[in-house]
Amino acid sequence: QGASSWSPSPSSPSSSSPVVSFVGLSWVLRRTRFFFSPFPSIRPKKNAKRQHNKEHTNTTQTRDTMTMREKKKGSVFGIRLDPASGIVPPLIVSTVQYFDQKGFTLEGLFRVTGKMNDMERLRLAFDKGKEVDLSSENPHVVAGLLKMYLRELPEPLFPYEFYDPLVALVSSEDEDSIVPHIKTQLRQLPFGNRVTLKYLMQFLMRVSEQSALNKMTPVNVGIVFGPTLLRPVIDTFTTADQRNTVIELLISKGPLQNPKPTSDSQNQQS
């Protein structure tokens with residue numbers, strides 16, 4: 001019965017411990033090499049997959065952000081005019097009718113800023129397609145709403161390509177000879193822009209007629225509305241005076257004094 005004939009029991013701790021210890025150490029070493037190996041070839045697939053997932057996530061987030069921006073754009077504000085339509089945008093009609101009923105005598109009209117919270121409330125209502133009653137609103141709020149709408153048009157009522165020719169006219173000729181050339185430029189406007197501009201300018205002429213009370217002379221009308229009605233793609237303001245003079249002349253010389261268009265003026269001709 002010598003020592004050579006003895007064999008440990010399978011359940012003996014002295015026989016199983018070395019095996020478990022070796023297996024555990026081997027597992028730890030493998031995991032350590034996997035995570036901390038200096039060779040990039042150890043984890044190429046997982047790294048590539050993570051990079052792909054990251055790029056996919058970034059693309060999805062960018063797409064979602066763009067979609068959210070599009071959703072924020074309302075159905076009225078920030079919408080391009082239909083160049084073939086003879087219908088004046090309803091918001092312009094509503095604000096003009098408001099002042100036709102209330103009058104234009106308030107001093108600071110279109111120059112005093114209305115409450116932004118009230119303007120945003122009305123903006124949201126128009127964008128949601130609600131019926132908006134302006135009759136009880138503050139005049140400065142309604143005036144600010146009109147300017148906001150014009151300012152946020154993707155392209156002004158005078159499309160971008162008209163800016164340089166009109167500014168060049170003011171820079172090179174005297175006022176009396178400018179007006180016929182302005183009329184020529186106006187005839188080249190898209191029909192929808194021409195009808196809307198005519199409607200708006202005739203309204204601003206009525207405003208300026210009360211300049212003794214509201215201080216909105218043709219010069220002041222040009223200063224207030226020039227940047228929204230006539231602007232270049234990139235405004236450096238180097239020709240701001242000439243730009244404002246174009247609007248002033250449209251008011252004072254009256255090249256747009258034609259029969260007043262309405263919001264249903266699809267059959268109107270210029």
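What relative accessible area does Glu-155 have?

Author: Glu-155 comes out at 25%, so it's partly exposed. On this scale, buried means under 20% relative accessible area, exposed over 50% and partly exposed in between, using a 1.4 Å probe on protein chains only.

Before going on, some housekeeping. This is a predicted model, with residues numbered from 1 along each chain as its sequence is written. Local features need pLDDT of at least 70 and side-chain atom pairs count only at pLDDT 80 or more, while totals for chains, interfaces and linings use all residues, and side-chain values use heavy atoms, leaving out hydrogens and water.

Now, back to your residue. Glu-155 makes a salt bridge with Arg-80, and the closest N and O atoms are 3.5 Å apart. A salt bridge here is a side-chain nitrogen of Lys or Arg within 4 Å of a carboxyl oxygen of Asp or Glu. Glu-155 sits in the loop between helix H5 (139–151) and H6, and Arg-80 in the loop between helix H2 (44–72) and H3, so this pair ties together parts that are 75 residues apart in sequence. The helices are DSSP runs of H or I with at least four residues (strands are runs of E with at least two), numbered from the N terminus. Arg-80 is exposed, at 53% relative accessible area.

The closest N and O atoms of Arg-123 and Glu-152 are 2.7 Å apart. Glu-152 counts as partly exposed at 28%, whereas Arg-123 counts as buried at 19%. Arg-123 also bridges to Asp-127, with 4.0 Å between the closest N and O atoms. Those two both lie in H4, four residues apart, or about one turn of the helix. Asp-127 is buried too, with a relative accessible area of 14%. Across the whole structure the search finds seven salt bridges.

Next, the aromatics. The structure holds seven aromatic pairs. Rings of Phe, Tyr and Trp (its six-membered ring) pair if their centres lie within 6.5 Å; planes under 30 degrees apart are stacked, over 60 edge-to-face and the rest tilted. One of the pairs is Phe-99 with Phe-110, tilted, at 5.6 Å centre to centre and 45° between the planes. Phe-99 is in helix H3 (residues 90–102) and Phe-110 in the loop between H3 and helix H4 (116–127), so the pair links parts 11 residues apart in sequence. Phe-110 has a further partner in Phe-225: their centres are 5.1 Å apart and their planes at 65°, so that pair is edge-to-face. This one links distant parts of the chain, with Phe-225 in helix H10 (residues 218–229), 115 residues away. Phe-99 is buried at 1%, Phe-110 is buried at 1%, and Phe-225 is buried at 0%. Together with Tyr-98, Phe-104 and Phe-203, these three form one aromatic cluster.

Helix H7 (residues 175–187) is handy for a geometry check. Its 13 residues reach 19 Å from first C-alpha to last, close to the 18 Å expected at 1.5 Å a residue; the expected span is 1.5 Å times one less than the number of residues. Ile-178, Val-179, Ile-182, Gln-185 and Leu-186 are its buried residues. They cover an arc of only 125° around the axis, which puts them on the same side of H7; the arc is taken from the directions from the helix axis to the C-beta atoms. Asp-176 and Arg-187 are exposed on the other side. The buried residues of H7 pack against helix H6 (163–172), helix H8 (191–208) and helix H11 (240–252).

Finally, confidence. pLDDT is the predictor's confidence in each residue, from 0 to 100, and the chain averages 77, with 66% of its residues at 70 or more. Residues 39–44 fall below 50, and beyond near neighbours in sequence this stretch has six contacts in the model, a contact being heavy atoms within 4.5 Å. Residues 59–71 are also below 50, with zero such contacts. Where pLDDT is low, the predicted coordinates should not be read in detail.
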